[in-house]
Amino acid sequence: MNEQDMLTVGKIVNTHGIRGELKVVSQTHFADERFAPGSKLVIEHPETKQRINIEITGAREHKGMFMIKLAGYDNINDVEKYKGWEIKISKDALGELEEGEYYHYEIVGCKVVTEEGQELGTITEILSPGANDVWVVKPAKGKELLIPVIDDVVLNVDVASKTVIVRLMEGLI
């Protein structure tokens, strides 16, 4: 499976205890589902791209992180070498979303255009500061724009053509 077929859902930041648990920073909205016992994922070294298939046998949330236990790894010495590795999932394993919902990878890279046809730039990042997501848009020149993902602003999302149409509210630019 190549790099484009995989999505990062977490990062291993440390070990926890002596029985082989790993501390994971979640990078997915579906952490309870992704890290549930029985989940089959892949861990990948960020530089060498070496991959290892894993199965989660236990998981719990603790202080904003997930503590996961992997099948066949029962000792801190077995898992310590995986600190810094990314946890990935195949795009094929993603579930279907409701109408009007999108995965981050579908949104990042989309061109943003106003309803009048003015091109604003490309979405480079998605922030989740609170009540709604915010899309970071990088224009060809100038400062980044922050577009709130609310119905009054985002009028249409076409992931097939990688285009988002927005209505600029007063003070947005």
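Tutor: Start with a loop. K49 is found in the loop between β3 (40-44) and β4 (51-62). Keep in mind that this is a predicted model.

Student: Why is K49 called partly exposed?
Tutor: K49 has a relative accessible area of 41%. Buried needs under 20% and exposed needs over 50%. The value for K49 lies in between, so K49 is partly exposed.

Student: What makes the phi of K49 worth a remark?
Tutor: Most residues other than glycine have a negative phi. Phi of K49 is near 65°, a positive value, and K49 is not a glycine.

Student: Where is K162, and what is its phi?
Tutor: K162 is found in the loop between β11 and β12 (163-166). Its phi is positive, about 55°, although K162 is not a glycine.

Student: Why is K162 called partly exposed?
Tutor: Its relative accessible area is 29%.

Student: Why is V113 called buried?
Tutor: V113 has a relative accessible area of 14%. Buried means under 20%, so V113 is buried. V113 is found in strand β7 (residues 111-114).

Student: How far apart are V113 and I165 in sequence and in space?
Tutor: They are 52 residues apart in sequence. In space they are 5.0 Å apart, C-alpha to C-alpha.

Student: On to rings. How many aromatic pairs does the rule give?
Tutor: The count comes to four aromatic pairs. One of them is Y73 with Y82, at 5.8 Å centre to centre and 85° between the planes.

Student: What makes the pair of Y73 and Y82 edge-to-face?
Tutor: Centres must lie within 6.5 Å, and 5.8 Å passes. Edge-to-face needs planes over 60 degrees apart, and 85° passes too, so the pair is edge-to-face. Y73 and Y82 are both buried. Ring pairs also link Y73, Y82 and W85 into a cluster.

Student: Why is the pair of Y103 and Y105 called stacked?
Tutor: The centres are 6.1 Å apart, and the planes make an angle of 20°. The limits are within 6.5 Å for a pair and under 30 degrees for stacked, so both conditions hold.

Student: Buried or partly exposed: which label goes to Y103, and which to Y105?
Tutor: Y103 is buried, with a relative accessible area of 13%. Y105 counts as partly exposed at 32%.

Student: Which residues lie nearest the centre of the largest pocket?
Tutor: H29, Y102, Y103, H104 and D133 do, in a lining of 29 residues. Elements that give two or more residues to that lining are β1 (6-16), α3 (104-107) and β11 (154-158). The volume is about 840 Å³. By class, the lining has 17 nonpolar, eight polar and four charged residues.

Student: How do you know that β9 and β10 pair?
Tutor: At least two bridges are needed, and four join β9 (residues 134-138) to β10 (residues 145-148), so they pair. The strands run antiparallel. The bridge partner of W135 in β10 is I147. β9 and β10 form a hairpin with six residues between them. In the turn, G142 has a positive phi of about 95°.

How values were computed. Residues numbered from 1 in each chain as written. Predicted model: local features only at pLDDT ≥ 70, side-chain atom pairs only at ≥ 80, totals over all residues. Heavy atoms only, no water. Phe/Tyr/Trp six-rings, centres within 6.5 Å; stacked < 30°, edge-to-face > 60°. Buried < 20%, exposed > 50% of the residue type's maximum accessible area, 1.4 Å probe, protein only. 1 Å grid on protein atoms, 1.4 Å probe; cavity = no way out; pocket = protein on both sides within 12 Å on 5 of 7 lines; lining within 4 Å. Points joined across faces, edges and corners; volume = space filled by probe spheres on them. Nonpolar A, V, L, I, M, F, W, Y, C, P; charged D, E, K, R; others polar.
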